[in-house]
Amino acid sequence: MAPAKKRNVSSVKTTEQRVKSAKINLDSQVERILESKKHANDVFDLLEFLQSEKEKDVIGAVGSCSKLFCTLLERRDLFMGKLPGEEEALSGGYSPEQKYRIFMRHRYNSCVEILLDHLSHEAHSVKETALCCLMKFAAGEGQYPLDDLDWSEHYSFPRELIQTVVDRLLSKTADNSLLISRFQEFLEMEDVRYYAMSSIRDCVGKVMDRNKGAVMPVFQNNAFTLMSNISIPSQESELTNFMVKQEAKHEDWKAAKLNEHKRVFERMWLGFLKYKLPSSMYKQILVILHDSILPHMSKPTLMIDFLTAAYDVGGAISLLALNGLFILIHQHNLDYPDFYKKLYNLLEPSIFHVKYRARFFYLVNLFLSSSHLPVYLVAAFAKRLARLSLTAPPAALLIVLPFIYNLIRRHPSCRVLIHKPNTENEMLEDPYLMDEEDPTQCCALESSLWEIKTLQKHYHPDVAKTAMLINTPLSGKEDDISEVLELTTFELMERDLKQKQTKTVPLEFETASQLLQGGGDVLGQHFCLN
């Protein structure tokens, strides 16, 4: 699109009164332009107001331009096909009607360029109004194409305009999250979403390659905000909301096929994730990965490289990567070497204090639920958790202790950790190697769960009571740990403070009627003698 030729705004705004008068006349100018071609030059006044420094003037001009050019699109009064230059139109053999359409097409392009610039305006109201106007133009171009093609053989959609809008939304310098949230309502239309995903992929690849793959926090945050707002329908029958209605061959249109949506969605995310990301963004992506990304991909196994790399990072990122890996392992038969070794090494004191503690223990419980796991592996996990429990807070202990009991219930061979009938001599030291990273070499089966015996002296009564359960044979029914996964220290304290005394405190069974009864006379005589 040809850039707009900006005229001197100050010439229009010589006085405040003149500005108000011109503002009132915007709608009448639009009517004059539409009524007669001889008033075509009045369009320059609209474009000048569109570049005003005053927010209200710009918003008013946007509405007027929207009305003008949408009507011209509907009337087919904009030149179709390859647009000749204005000088060429004057000197060439064009009819007056064609010259008018060429002139108005140039003004339309200038208007679009100014609106695109306004997407980076300081005032959010201007940015939002400009975005809505551009999407109206996109709908108009889709219904009344400006390309001179045989539309019985092609699909009409303003790809270039959508691409340009997406490029401006993905700013490299400004946080556009608020404007992107406004754009989200347009992503509910199937064709807009389809071509927007393609545009995001192209824009990310172009910008990141130009920057040699270096981290660009603002740009990548805008891209993630836009991408995370995209959701794909679960069934093709749900693809019903289109901005542009295709009269012919609608069923063959890629934007009307669910598999094509999934394919483009998948390529968009893979193209984004192949570049280095800000460290905080890894957590944001992993939090939504299992729920909002993997189910909408045609081949979720393509995320293996990203998930395994995140799983090897360590810390909270590894904890969050567990969710995605769980889906790939259980639903897509992913073979991950040394998975349990890595999971074992994630058990550190910090897991009791991280934000994602509940999710972590929920997933670890699932991974250790199989009865086919070797006994040495289960014993290693039980022993490591027991050792970590010595420094864990009470709320975490109420998760860990039932967790260990459940492991012993599932794997009866692990009962040697709590009872060794053939031990001739007592161990002078614990053979368990806490610093050993390999669970096969940590000597867990040779040790015992003496840590739980220690917790029976814990200061918190609930913890001590739970630890006492190991003194009696464990029942066959597993404990439901889902009720305590979300338990916090604050909730635990609140529960203790609100607990009512159910029993009365035992006192002397004979009620005293007089203090020091029977000794009063002796005391009186003593004072009298003195």
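Guide: In this predicted model, helix H14 (residues 304-311) and helix H15 (residues 315-331) pack at an angle of about 145°, their axes lying 8 Å apart.

Visitor: How is a pair of packed helices read?

Guide: Two packed helices are described by the angle between their axes and the distance between the axes. For H14 and H15, the crossing is left-handed. H14 contributes Ile-304, Leu-307, Thr-308, Ala-310 and Tyr-311 to the contact, and H15 contributes Ile-317, Ser-318, Ala-321, Leu-322, Gly-324, Leu-325 and Leu-328.

Visitor: How many residues of each class does the contact of H14 with H15 have?

Guide: Nine are nonpolar, three are polar and none is charged.

Visitor: What is the general idea behind the spacing of residues along a helix that packs?

Guide: An α-helix has 3.6 residues a turn, so residues three or four places apart point the same way.

Visitor: What is the secondary structure of the whole protein?

Guide: The protein comes to 23 helices and zero strands. Of its 530 residues, 46% count as buried. Among contacts with a separation of 6 or more, 74% are between residues 24 or more positions apart.

Visitor: What span should helix H11 have, and how far apart are its end C-alpha atoms?

Guide: H11 covers residues 217-228, and at 1.5 Å a residue its twelve residues should span 16 Å; the end C-alpha atoms are 16 Å apart, so the two agree.

Visitor: Which residues of H11 are buried, and which helices do they pack against?

Guide: The buried residues are Phe-219, Gln-220, Asn-222, Ala-223, Phe-224, Thr-225, Leu-226 and Met-227. They pack against helix H8 (159-169), helix H9 (177-183), helix H10 (190-210), helix H12 (258-273) and helix H13 (279-293).

Visitor: Is Lys-383 buried or exposed?

Guide: Lys-383, in helix H18 (residues 375-388), has a relative accessible area of 0%, and because buried means under 20%, Lys-383 is buried. Its side chain makes a polar contact with the side chain of Ser-447, at 3.1 Å. Leaving aside neighbours within four places in sequence, Lys-383 is in contact with Asp-430, Tyr-432, Ala-444, Ser-447, Ser-448, Leu-449, Trp-450 and Glu-451.

Visitor: And where is Arg-107?

Guide: Arg-107 is in helix H6 (residues 96-118). Arg-107 is buried too, with a relative accessible area of 6%. Beyond its neighbours within four places in sequence, Arg-107 is in contact with Val-43, Phe-44, Leu-47, Phe-69 and Glu-86.

Visitor: How is a residue read when it falls between buried and exposed?

Guide: Thr-164, in helix H8, has 25% relative accessibility and so counts as partly exposed. A polar atom of the Thr-164 side chain lies 2.7 Å from the backbone oxygen of Glu-160. Thr-164 and Ser-199 are 35 residues apart in sequence, while their C-alpha atoms are 8.4 Å apart in space.

Visitor: Which values of phi do Arg-76 and Cys-443 have?

Guide: Phi of Arg-76 is near 65°, a positive value in a residue other than glycine. Arg-76 is in the loop between helix H4 (55-75) and helix H5 (86-91), and is partly exposed at 38% relative accessibility. For Cys-443, also a residue other than glycine, phi is positive and near 60°. Cys-443 is in the loop between helix H19 (394-410) and helix H20 (450-455), and is partly exposed, with a relative accessible area of 27%.

Key: Residues numbered from 1 in each chain as written. Predicted model: local features only at pLDDT ≥ 70, side-chain atom pairs only at ≥ 80, totals over all residues. Heavy atoms only, no water. Helix = DSSP H or I, 4+ residues; strand = E, 2+ residues; numbered from the N terminus. Expected span 1.5 Å × (residues − 1). Buried < 20%, exposed > 50% of the residue type's maximum accessible area, 1.4 Å probe, protein only. Contact = heavy atoms within 4.5 Å. Axes fitted to C-alpha atoms, helices over the stretch in contact; angles between N-to-C directions. Left-handed = near helix turned anticlockwise from the far one by under 90°. Nonpolar A, V, L, I, M, F, W, Y, C, P; charged D, E, K, R; others polar. Polar contact = N/O pair within 3.5 Å; in protein donor to acceptor, adjacent residues only side chain to side chain.
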